[in-house]
Number of protein chains: 2
Amino acid sequence: VLSGGGHGVILGVGDDAALVATGPGATVLTADLLVEGVHFEMDTTSPRDLGHKAVAVNVSDVAAMGGSPRYGLVSLVLTRHVDLAWVMELFGGMRAAADGYALSLVGGDLSRGERVVLAVTVVGEVWERGAVLRSGARPGDRIVVTGSLGGAAGGLLLSQCSPAVVARASHAGWGHELLVALARPEARVGEGQTLAQAGATAMLDLSDGLTKDLARICAESGVGARIRLDAVPAAAELAELARALPGQDPLALALSGGEDYELLATLPPDAVEPAAASLRERFGCALTEIGEIVDGSGMVSVASDGSERALRPAGWDHFA
Amino acid sequence: VLSGGGHGVILGVGDDAALVATGPGATVLTADLLVEGVHFEMDTTSPRDLGHKAVAVNVSDVAAMGGSPRYGLVSLVLTRHVDLAWVMELFGGMRAAADGYALSLVGGDLSRGERVVLAVTVVGEVWERGAVLRSGARPGDRIVVTGSLGGAAGGLLLSQCSPAVVARASHAGWGHELLVALARPEARVGEGQTLAQAGATAMLDLSDGLTKDLARICAESGVGARIRLDAVPAAAELAELARALPGQDPLALALSGGEDYELLATLPPDAVEPAAASLRERFGCALTEIGEIVDGSGMVSVASDGSERALRPAGWDHFA
């Protein structure tokens, strides 16, 4: 079922291990789990989306280093309740995503068990001195983010509404983008490489929410950050969602919602405009400057009236 | 908890992904799952043994290619019932095994879930033309196996006996080796490299039992095999086990028992003696010639009286 071939694949599935060629740069290694009952539910998740997501979230970690994904290993725990059609759809989603990211799926393992678990490992390549870590942000750097934020969190909220609410949203012409953001996140591979080449000093992919992930860059780099709240690019449909679900705030979702897999990076001031132009032209992807790195260790939000407040790392933790 | 350092580790745990150096040869990739309720039970498995085994079975796949393990990724699903001491012991077992195999644990993922799952990936290196596949066996090659066989299967049988039987065995001075074979299998890394250098034409590690795994070499290589039953090196303590458990046969266990992680290889006839001498001298490891590769596609067993019978792939399948 896995694609044993592909550029650089010397030997794919079927022997004790796969054999692949790696380039002269450094090798990037990352692994992510998707667990039934924690990251997804069998009755509400399409296996094709799930396969896509399992690949995309791993590729996103490679993208966040400025690297290129090359090879993937998929280990799968299946239950007695899973039928062959479900597995074929899952692998279909994985293979389509892998093809899109030029990733060769070369191996893995299979077991039965009590809950479905997907454990994916991705091996990538990066020019060693081109790898962008979380630890390089310097005071004066601008903080930038790709795309828009909070879409996946909005999609999760919408998916938990009654079918009537979802249908009403659909008839009113919104909701689809939020549900897609949740179900089929895309890794920003080309964007990550472009940001690395543009001189990004720190970078990560937003999996746990902006404030929580920015706090990681601050901690690793030994710096603080100021975020201009009116610059944070909340996903467009969050406005409609907030009207439909009183109490929900687009900005709060954009600040703390997880699973967007957009890239958060820091750039020297004069690198922002060229990088934004390059991302727009090459990938049709927005790059938004949302604040700057400062001395110290705290995060501060600046409202449109100039008032400042401490910004706490909020977000969610799979283990909480 | 993971060891972020080690030779070749540019960046270990803590960023989006690990960065490692790989050599000029080919890269070996392998992944294996250990699932609660399928591969182990929480109440009968020591977490230290489990950690050891999760690393060893992956390293064994690299060894079976003639490669060197370099880097490991550990993804772990933990339940609410697991306490910190258990996790520390598990990682202690993993780290000790990794140190023994010169493997650097550089990353992974963690999730809660309903059942404990260990998903380990190992990245290794091999000289590309030195990699030993399953597909290279040729008629006339001798079939060899390291160590002894059936020990893990015997350990499983013994572990399923009443405590009184185990205690009686212990007092009689046997059983320990079988239980150790099951709980703490060792990967034959140096032995695999030595066999590769000696000219092994095909090789794999015995995880599903001799007949089943030999059938894989036959299928992949397009050959048949003749096995001399009196040459098969059954684990010594299986004789005592068979006396204690009527109906159990040491030879049957050696032919079909899984999880021994010994190496099964094919060698040109004149390479067997030098390879055996080298394994004995360098690793204190026996290498036993148990038969030869023949034209055709079937497997035949030859008894001590010269009588021949078809040998069927028996063994066990985690998915059955």
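**View 1. Where chain A meets chain B in this predicted model.** On chain A, 55 residues are in contact with 55 residues of chain B. As for confidence, the model scores ipTM 0.89 and pTM 0.91. Chain A has a mean pLDDT of 93, and 97% of its residues reach 70 or more.

**View 2. Salt bridges and polar contacts between chain A and chain B.** Six salt bridges turn up across this interface. One to zoom in on is E114(A) with R115(B), whose closest N and O atoms sit 3.8 Å apart. There are also 16 residue pairs in polar contact across the interface of chain A and chain B, counting pairs with both residues at pLDDT 80 or more. Which elements of chain A give two or more residues to the side that touches chain B? They are strands 1 (9–11), 2 (18–20), 3 (26–35), 4 (68–78), 5 (104–112), 6 (117–126) and 8 (202–205). Strand 3 of chain A gives the most, with nine residues. Sort the residues on this side of chain A by type and you get 33 nonpolar, eleven polar and eleven charged.

**View 3. Strand 3 of chain A pairs with strand 2 of chain B.** Here the strand pairing runs from one chain to the other: strand 3 of chain A and residues 18–20 of chain B line up in the antiparallel sense, over three bridges. Look for T27(A), which stands opposite V20(B).

**View 4. A salt bridge between two helices of chain A.** Over all chains, the whole structure holds 30 salt bridges. In one inside chain A, the side chains of R48(A) and E89(A) meet at 3.0 Å, N to O. This pair links distant parts of the chain: R48(A) belongs to helix 1 (residues 47–63) and E89(A) to helix 2 (residues 84–100), 41 residues apart.

**View 5. Strand 11 of chain A and its pairings with strands 7 and 9.** Strand 11 (residues 287–294) pairs with strand 7 (residues 142–146) in the antiparallel sense, over five bridges. Within that pairing, V144(A) has E289(A) as its bridge partner. Strand 11 also pairs with strand 9 (residues 224–228), again in the antiparallel sense, this time over four bridges. In that pairing, I227(A) stands opposite G291(A) of strand 11. While you're looking at strands, remember that in a regular one the side chains alternate between the two faces of the sheet.

Terms used:
Residues numbered from 1 in each chain as written. Chains lettered and ligands numbered in written order. Heavy atoms only, no water. Contact = heavy atoms within 4.5 Å. Salt bridge = Lys/Arg side-chain N within 4 Å of Asp/Glu carboxyl O. Polar contact = N/O pair within 3.5 Å; in protein donor to acceptor, adjacent residues only side chain to side chain. Nonpolar A, V, L, I, M, F, W, Y, C, P; charged D, E, K, R; others polar. Pairing = 2+ DSSP bridges. pLDDT = per-residue confidence, 0-100.
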